[in-house]
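Hi everyone, thanks for making time. I have one structure to walk you through, so let me put it on the screen.

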Amino acid sequence: MGKDKEKPYLRDEISIMSVANEIGIVPRQLSWYLNSVKKMNFNIWINRLKVDEAKRLIESDKNLAIKDITYKVGFSSPERLSKIFKSITGMTATEYKNKVVED
């Protein structure tokens, strides 16, 4: 439960409504902020946060399996992590891990 407090974006089921409620604004305000200031929608924002956390985990523990990372960062399957990871970084999580291990 601790990770939910510190990093609520790591939860499996997260919505713009739940995040807006947690920070004390209405969903429309959060949506406006993300679209106008961050230039991305809610899902892209959450996925970027999750991928950044996956990268951090890969870099901090090279022995951690991608499957374990998948669930730690709130993705439903390794395939989903791989697809989103690639769309954001240009490589799959496994390719990223292999690169990190080699360096």
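I'll go from the overall fold to the core, and then to the aromatic rings.

A word on the ground rules: this is a predicted model, so local features need pLDDT of at least 70 and side-chain atom pairs count only at pLDDT 80 or more, while totals for chains, interfaces and linings use all residues. Residues are numbered from 1 along each chain as its sequence is written, and side-chain values use heavy atoms, with hydrogens and water left out.

The protein chain has seven helices and zero strands, where helices (H or I, at least four residues) and strands (E, at least two) are DSSP runs numbered from the N terminus. Its C-alpha atoms fill a box of roughly 45 × 30 × 20 Å along the principal axes. Of the 103 residues, 35% are buried; buried means under 20% relative accessible area, exposed over 50%, and partly exposed in between, with a 1.4 Å probe and protein chains only.

Now, which residues touch the most other members of the largest nonpolar core? They are Phe 42, Ile 58, Ile 69, Val 73, Leu 81 and Phe 85, out of 24 in that core. By nonpolar core I mean a set of buried Ala, Val, Leu, Ile, Met, Phe, Trp, Tyr and Cys residues joined through side-chain atoms within 4.5 Å. Helix 4 gives the most to this core, with six residues. Leu 81 also has contacts beyond its neighbours within four places in sequence, among them Ala 54, Ile 69, Val 73 and Ala 93; contact here is heavy atoms within 4.5 Å.

On to the rings. Rings of Phe, Tyr and Trp (its six-membered ring) pair if their centres lie within 6.5 Å; planes under 30 degrees apart are stacked, over 60 edge-to-face, and the rest tilted. That rule gives two aromatic pairs. One is Phe 42 with Trp 45, tilted, at 6.0 Å centre to centre and 55 degrees between the planes. Both lie in helix 4 (residues 42–60), three residues apart, about one turn of the helix. Phe 42 counts as buried at 10% relative accessibility, whereas Trp 45 is partly exposed at 22%.

Then there is Phe 85 with Tyr 96, also tilted, at 5.5 Å and 55 degrees. Phe 85 is buried at 0%, and Tyr 96 is buried at 11%.
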